Amino acid sequence: MLARGLRSSLYLSMKHYPPHRSLNATRPAKYFSSVHTISNPTPRFHRFSGLQVALSVLISASLGFGTAVYLTDSPYLKSETPQFGSSDDIQNAISDLKKIFGAGSKVSTDPDDLHDHGFSANDHHPGMRHSVVVYPESTEDVVKIVNIATKYRVPITAYSGATSLEGHYRGHSTGGICVDMGNMDHIIEINEKDGDLVCQPGVRWMDINETLREKGIPLFFPIDPAPGATIGGMLSTGCSGTNAVRYGTAKGEWFLNVTVVLPSGEVIKTRQRSRKSSAGFDTTKLFIGAEGTLGIITEVTIRLAPVLPTTVAVVHFPNVQKATEAVMDVMQAGVGIQCVELVDDVFMSAINKFGMSKKVYPEKDSLFFKFQGPATIGSASPSASASLRETAEIVKKITEKHGGTGFRLARDANEADELWADRKNAHYAGLALVDGSKGWPTDVCVPVSKLPQLVYETKQDIKNAGLVSTIVGHVGDGNFHALILFKTDEEMERAKELVHRMVKRAIALDGTCTGEHGVGIGKKEYLIGELGEGTVQLMKTIKKTIDPLGIFNPGKLYPDDVTSSTQKTSKE
Ligand SMILES: Cc1cc2nc3c(=O)[nH]c(=O)nc-3n(C[C@H](O)[C@H](O)[C@H](O)COP(=O)(O)OP(=O)(O)OC[C@H]3O[C@@H](n4cnc5c(N)ncnc54)[C@H](O)[C@@H]3O)c2cc1C
């Protein structure tokens, strides 16, 4: 049985998360061998032009013949706007879904269900219901759903942990099918000797780690976004988290292969389970960060890392500049840093005010470190690890050199958990700063050396806008988050404008509009300014080649087509 209690003990705020997937909330991870019946649609041949021909050859070579032959004379290939089915088509699609899956719990048009799947308590982008929610249990089920969506040209959106922050899984205005992956949450195979694990996409990363712990397997999956996030959603958003400074992001090599139902209805597996492969370019990566726009992931092989002893320390600085300089030196020292988190003075006062911490912190810009190192031979206790002690000593010296004060190293594992929980409660501690407020969460990322400038200018901007916001950064990666508080619609508009300016600032500093949350609907207007028109056009061409009807999660990720004159304005 999965110990879901871990979530509440580590993350005191977990109870505030939107109730999700009541269908499988208590489901234990199961083990079974999977057999996929791959159904290929009837091949159809069509003519293409220009880059589409080149790409279709390229993509068909790697994704399988079925993809290329699926390319149709879709109006979407010729025009910029996909043509979706009518409301009658949607009703026909629902009726086909009910015929295939029965009208029971696998297909829902319950208004509450539709609402829950098209809105989010975690962000403030406009919500939009889907027309129907379907709960597949296998790859074969997903193939059937995709084929119905294609038959009626109905938008189709995957939904998993529902923790994404940029409106990723909102419905489409014409209506559509939401595919809730919550019943596909099984761990299929754990290969301890190989350090990998095969699972369905609806399993949560925290449940994987808890299962490994319960089984006494000293391995874990180190990508750590929101506690409720699942492997399919994590892969699809290209996420990361506090561990990224040591382990990298979802865009690294943590996903060895994926099984995907393509818009054609064809099922492909991107590669085998070996740790590395130079057989062609990396088609697994095509789906990482694709936000459900290129297909639905139904099985994944992930890499695992050895669990090592860790401990936590906190240290305070006169300003962000000094803290960032200290981090740059610490990273160059080559010591065992698993996480290094920058928090600002406002955040520290939020922690004190939130009331969940046993400590009272100095309200100064601060760094939380998680150190990691091998256990000392013969020692039973992680805190006895000589490498952790040595790392702590080195880091203390470096931080003092940069004006760090009050260096506090956890005395034992309990205190380390408490210190880390204080950092992890960022979202809810932040909200406690202004009674009755809501928060607009956002993230941007810049080269680490540019972070002090970005934070300084953003803090000034927040002050000038007359709003309150905490700032928390995965400083080792130059990634920072703001949670801008608002109560009224007018304040929300000001928060939105602040985010806009923050993104522009980050891009101007050679950074990105999102280091880890992804694009969804919230950040797509920035892609051309950040990546350039050619790169965005390449992304769109790949999208159109794989999903010629444009029905997979429409309206997300790809910038809307605009005239060159409006494009110019949006870059200013
Ligand atoms: C409190 C809080 C803290 C957070 N902290 C972090 C953090 O530290 N780092 C970070 O990176 N993010 C963070 N996030 C954001 C979020 O956790 C990540 O974006 C996460 O990767 C989303 O996973 P999910 O399972 O919830 O996906 P969902 O929200 O369900 O879906 C996200 C996207 O993936 C697509 N998708 C889902 N499943 C599939 C599938 N099987 N096949 C194809 N497409 C699919 C959906 O269509 C959607 O576009 C945080 C969010 C919250 C609320």
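**Figure 1. The shell around the ligand.** Here 36 residues surround the ligand, and the closest are G161, S164, G232, G233 and G292 (a residue is near a molecule if its C-beta atom, placed from the backbone, lies within 6 Å of it). This is a predicted model, in which local features need pLDDT of at least 70 and side-chain atom pairs count only at pLDDT 80 or more, while totals for chains, interfaces and linings use all residues. Residues are numbered from 1 along each chain as its sequence is written. Two or more shell residues each come from β3 (156-159), α9 (231-237) and β10 (296-303); helices (H or I, at least four residues) and strands (E, at least two) are DSSP runs, numbered from the N terminus. The top giver is α9, with five residues. Sorted by class, the shell has 14 nonpolar, 19 polar and three charged residues. Ala, Val, Leu, Ile, Met, Phe, Trp, Tyr, Cys and Pro count as nonpolar, Asp, Glu, Lys and Arg as charged, and the others, Gly among them, as polar.

Figure 2. Look for V154 in the loop between α7 (139-152) and β3. V154 counts as buried because it has 27 C-beta neighbours inside 10 Å (buried takes 20 or more other C-beta atoms within 10 Å, exposed 12 or fewer, and partly exposed is in between, with C-beta atoms placed from the backbone). Beyond its neighbours within four places in sequence, V154 is in contact with several residues, including F84, I90, G176 and I551; contact puts the two C-beta atoms, placed from the backbone, within 7 Å. V154 and G176 are 22 residues apart along the chain, yet 5.4 Å separates their C-alpha atoms.

**Figure 3. The two sides of helix α17.** The buried residues of α17 are L451, L454, V455, T458 and I462. They sit on the same side of α17, because they cover an arc of only 95 degrees around the axis (the arc is that of the directions from the helix axis to the C-beta atoms). Over on the other side, Q460, K463 and N464 are exposed. Among the elements covering the buried residues are α12 (320-332) and α18 (489-508). Just after α17 comes G466, with a positive phi of about 70 degrees.

**Figure 4. Two positive phi values in one loop.** Most residues other than glycine have a negative phi. N553 has a positive one, near 45 degrees, and is found in the loop between α20 (533-546) and α21 (564-571). L557 is in the loop between α20 and α21 too, and its phi is positive, about 70 degrees. L557 is buried, with 25 other C-beta atoms within 10 Å.
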